[in-house]
Amino acid sequence: MAKKKIRLVTIALTFFVQLLFLAAIFFEKLQNSYTPIVIILLSVLILVSYFKAPIHHRTNLHEHILIVIWIPAGALICYYLNHYLKLGPVMAAGLVGTVASFLPSINPKSAYLKQLPATFYCGAFIGMTSLNIASSIYFVLAASFFAGVLLLVSKSLFNGLGGKLGTIAFTAVTITSFIFFLLFK
């Protein structure tokens, strides 16, 4: 019974975040007559996929906490490459992801190292954020903290579904933007 409740709450929260994202696109691009049709179609497809796709929930282990501490590293490296070395967000994230993909080859038997590339890449999505939104390293660190919490909570949910790391990073940046807006504006 508890697993069903967790599943429904997870589906509802994820669907809500993605609907907010689609609503933002809708209101920004309202002048295009095809936008409402595409958004409605995407919303229906997202809802159907949540009910059709299997999710798994297991308890989190302490080792997962040691994994998510690398999110700020990926975020800060990507942020630096993006904004200080002027590589651009895509090239910076690609470089972080590529370098992180070689970490498991240091010790191919290590289960810990096999989990690091995804964590670095989740951080890289945060580092891609524009200076208009992420104006300081403190913002990146705060967003990394929220991404770490979200990754811990969803570690074994939606396995095998694409877009999980980007959705976590987007949600973390959104939460951080809202908090910084409340505190500093």
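**View 1. Helices of the predicted chain.** Helices (H or I, at least four residues) and strands (E, at least two) are DSSP runs, numbered from the N terminus. On this basis the secondary structure of the chain comes to eight helices and zero strands, and the pattern read along the sequence is α-α-α-α-α-α-α-α. This is a predicted model, in which local features need pLDDT of at least 70 and side-chain atom pairs count only at pLDDT 80 or more, while totals for chains, interfaces and linings use all residues. Residues are numbered from 1 along each chain as its sequence is written, and side-chain values use heavy atoms, with hydrogens and water left out.

View 2. Ring pairs (ring centres of Phe, Tyr or Trp, the last by its six-membered ring, within 6.5 Å) link Tyr-79, Tyr-80 and Tyr-84 into a cluster, and the structure holds seven aromatic pairs. Tyr-80 is found in helix H4 and is partly exposed, with a relative accessible area of 43%, where partly exposed lies between buried (under 20%) and exposed (over 50%), computed with a 1.4 Å probe and protein chains only.

**View 3. Nonpolar surface patch.** Tyr-80 and Tyr-84 also belong to a nonpolar surface patch of about 1,000 Å², whose other members include Leu-85, Met-91, Val-99 and Tyr-138. Helix H4 (71-84), helix H5 (89-101) and helix H7 (137-153) each give two or more residues to the nonpolar patch. Patch residues have over 30% relative accessible area and no salt bridge, and nonpolar side chains (Val, Leu, Ile, Met, Phe, Trp, Tyr) are joined within 5 Å; a salt bridge is a side-chain nitrogen of Lys or Arg within 4 Å of a carboxyl oxygen of Asp or Glu.

Methods: Phe/Tyr/Trp six-rings, centres within 6.5 Å; stacked < 30°, edge-to-face > 60°. Patch = residues over 30% accessible without salt bridge, like charges linked within 9 Å, V, L, I, M, F, W, Y side chains within 5 Å. Areas by Shrake-Rupley, 256 points an atom, 1.4 Å probe, with all protein chains shown as cover.
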